[in-house]
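Thanks for making the time. I have one structure to go through this morning, so please have the sequence and the 3D view open.

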Amino acid sequence: MTSLYLGRLQAAKMHLVARGVVFADGLSDSEIQTVEAKFSFSFPPDLKMFLRWGLPIGTRFPDWRDPDEYVYDRLRWPTEGICFDIRNRVFWWPSWGDRPQNDQEAIELATARLSLLPPLIPIYGHSYLPSEPSAEENPVFSIHQADVIHRG
């Protein structure tokens, strides 16, 4: 990583601290490897570096050191939200083909298709970072049901 990029990460942390976010000690390499193995994804390099500097603590931040039900809920949230919209017949992705008339079949097909995508990593509330590509500056998405907004 360039020193300019490292400066951006430090600025992001200082921005959060200025807004009252508390940080615990950063995750060790061993802790990062444990999380990645447990959840079957890899943190992109910039998020990994950020989490090494400090672990943000708060009700809407995932606690990667001691994952609780909130972390598991956030990991399921995108798929569950899309399935909610499918069940209510307000969303269907055209590339999946014709929507089955039976809601349960539609949800099973959507869930199978979504499981082929790279995992989304919760970073705060309903904000997510894609786990792939494993590159710096992946986009941040706000996800609520089938509404996906590019945040930065």
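Predicted model: local features only at pLDDT ≥ 70, side-chain atom pairs only at ≥ 80, totals over all residues.

Reading from the N terminus, the order is α-β-α-α-β-α-α-β-β-β-β.

Now the overall dimensions. Along the principal axes, the C-alpha atoms fill a box of roughly 50 × 30 × 30 Å. The chain has 152 residues, and 35% of them are buried. If you take contacts between residues at least 6 apart in sequence, 53% of them join residues at least 24 apart. The exposed surface comes to about 8900 Å², with carbon and sulfur atoms supplying 55% of that. As for charge, there are 15 positive and 20 negative side chains, and the centres of the two sets are 4 Å apart.

Next, the interior. In soluble globular proteins, nonpolar side chains tend to be buried together. Which residues touch the most other members of the largest nonpolar core? They are Phe41, Phe43, Leu51 and Trp64, in a core of 13 residues. Helix H2, residues 29–39, and helix H3, residues 45–53, each contribute at least two residues to this core. H2 gives the most, with 3.

Leaving aside residues up to four places away in sequence, Phe43 touches Ile32, Val35, Glu36, Lys48, Leu51, Trp64, Ile121 and Ser134. There is also a second, separate core of 10 residues, and among them are Ile86, Phe91, Trp92 and Leu114.

Last, some backbone geometry. Most residues other than glycine have a negative phi, and most peptide bonds are trans.

Ser40 is not a glycine, yet its phi is positive, about 55 degrees. Ser40 sits in the loop between H2 and H3. Is Ser40 buried or exposed? Its relative accessible area is 59%, and the cut-off for exposed is over 50%, so Ser40 counts as exposed.

Arg89 also has a positive phi, near 60 degrees. You will find Arg89 in the loop between helix H4, residues 69–87, and helix H5, residues 103–114. With a relative accessibility of 45%, Arg89 is partly exposed.

Finally, the peptide bond from Glu132 to Pro133 is cis, with omega near 0 degrees. Pro133 belongs to the loop between strand S4, residues 127–130, and strand S5, residues 141–144.

Conventions:
Residues numbered from 1 in each chain as written. Heavy atoms only, no water. Core = buried A, V, L, I, M, F, W, Y, C linked by side-chain atoms within 4.5 Å. Buried < 20%, exposed > 50% of the residue type's maximum accessible area, 1.4 Å probe, protein only. Helix = DSSP H or I, 4+ residues; strand = E, 2+ residues; numbered from the N terminus. Contact = heavy atoms within 4.5 Å. Areas by Shrake-Rupley, 256 points an atom, 1.4 Å probe, with all protein chains shown as cover. Lys, Arg positive; Asp, Glu negative; His and termini not counted. Charge placed at Lys NZ, Arg CZ, Asp CG, Glu CD.
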